[in-house]
Amino acid sequence: MSFLTLTKLKKTYPDGTEAVKGLDLAIGEGEFVVFLGPSGCGKTTTLRMIAGLEIPTAGRIQMANQDVTHHPPSRRDVGFVFQFYALYPHMTVRQNIAFPLENIGLSPDEIETTLSRVSEGLGVTPLLDLFPRQLSGGDQQRVSLARAMVRKPAVYLMDEPLGTLDADHRLELREFIRQQQMALSVTAIYVTHDQEEAMSLADRMVVMNAGEICQVGAPSEVYHHPASLFVANFVGSPGMNLVHGFISSTESGSQFRRKNSNIGISLGAREKSGEAILGIRPEFITPRESGLPASVTLNEYLGGHRIIHLDTPLGNLVMRSPQNQPLGVGTPLQIDLDRDHILLFDPDSGTQLA
Ligand code: ATP
């Protein structure tokens, strides 16, 4: 049963920019949905329409079976968290966090219990008697989150709330956001352009590009079965290896080769002959005794693993390998592309071939 439904939602700004081009999306109650996409793809505009801060040009927004398309923000019961969330400068941290609870008329005891729980979770208890000007940027952002998440609205709308923080704080607060959202079972929509953040938080990811939805799915589904070349490349770090070439099929099976190359790889099952783009994630390429010849062009050490760049008859490929595989530049080796994880895309439409 969906809790929030967007139907053919559109936003064209007065200068003619088509920011959102007719989105259809249904979000379940208590679901954590992440909008992921490059800068300018329409994520913030969509979120602002859901919050009531932007009026749609066309389409409908339904929340809990009510049409809220033209309701003001105050009638939508949303908790909005921005990247830059201003705190009240004349109030202490305690007063800032307690303010939304006083507004909804909780008793002093209820306020104290909720405030303690959230302050502990976000590590702001030692800061409760300080004023915002006495806090570092990271601490101000924690307090902002505490103030936004202390209440249980119908839906949390979060627009890059961790954008200004350093890596350590991002990880810590990400964990808090997810735990708090699950503990309170609040439906959440979170906007980011960081694919790792999206995958770690989302029940479902909504990948957007140029005002449209490219794919909706669980992180593992989007990662392993990207619906298009755009998604294949945008999700994953590094993105999927993509090789433009040809499929040639005979009775005995299919081969994939690059133009002007006579070395190819077997695809096993028979595919339709013709131009195609082959996709494979770096972790599905492995060294093998007799395979595709390759030579190392760069070996990046990333702590827990290495990213190895290879020159091959299929062009440049990137392989993910264990950290104990030093493989110096120029080392010749042979590689295997795991057939079960090869994807084929139509070069014209960018969609996956059947
Ligand atoms: P970012 O991650 O950079 O915030 P986004 O995916 O959230 O990007 P939006 O901010 O929704 O994208 O913007 C979508 C498009 O609409 C962009 O081309 C942007 O320049 C344009 N846009 C946003 N706000 C306005 C506005 N008030 N007037 C005109 N165009 C706008």
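Predicted model: local features only at pLDDT ≥ 70, side-chain atom pairs only at ≥ 80, totals over all residues.
Residues are numbered from 1 along each chain as its sequence is written. Local features need pLDDT of at least 70, side-chain atom pairs count only at pLDDT 80 or more, totals for chains, interfaces and linings use all residues, and side-chain values use heavy atoms, with hydrogens and water left out.

Colleague: How many helices and strands does the protein have?

Modeller: Helices (H or I, at least four residues) and strands (E, at least two) are DSSP runs, numbered from the N terminus. Counted that way, the protein has 8 helices and 19 strands.

Colleague: How far apart do the C-alpha centres of domain 1 and domain 2 lie?

Modeller: Domain 1 spans 2-234 and domain 2 spans 241-345; such bounds come from an automatic or database domain assignment. Contact means heavy atoms within 4.5 Å, and 7 residues of domain 1 are in contact with 7 residues of domain 2. The C-alpha centres of the two domains lie apart by 39 Å.

Colleague: What percentage of the residues of the protein count as buried?

Modeller: Buried means under 20% relative accessible area, exposed over 50%, and partly exposed in between (1.4 Å probe, protein chains only). The protein has 354 residues, and the buried share is 48%.

Colleague: How much of the ligand's accessible area does the protein cover?

Modeller: Start with the N or O pairs within 3.5 Å. A backbone N or O atom of glycine 40 lies 2.7 Å from a ligand oxygen, and one of glycine 42 lies 3.0 Å from a ligand oxygen. The side chain of lysine 43 places an N or O atom 2.9 Å from an oxygen of the ligand. On its own the ligand has 640 Å² of accessible area (Shrake-Rupley method, 1.4 Å probe), and the protein covers 61%.

Colleague: Which residue's side chain joins that of asparagine 96 in a polar contact?

Modeller: Asparagine 96 sits in helix 2 (residues 93-103) and counts as buried because its relative accessibility is 0%. A polar contact within protein also needs one atom able to donate a hydrogen and the other to accept it; residues adjacent in sequence count only if both atoms are side-chain atoms. A polar side-chain atom of asparagine 96 lies 3.2 Å from the backbone oxygen of methionine 91. At 2.9 Å, the side-chain partner is arginine 147.

Colleague: Is arginine 142 buried or exposed?

Modeller: Arginine 142 lies in helix 4 (residues 137-149). Beyond four places in sequence, its contacts include His169, Glu172 and Leu173. Its relative accessible area is 7%, so arginine 142 is buried.

Colleague: How far apart in space are isoleucine 342 and leucine 267?

Modeller: Isoleucine 342 is in the loop between strand 18 (332-337) and strand 19 (343-345). It is buried because its relative accessible area is 14%. Isoleucine 342 touches leucine 267, among others. The two are 75 residues apart in sequence, while their C-alpha to C-alpha distance is 8.2 Å.
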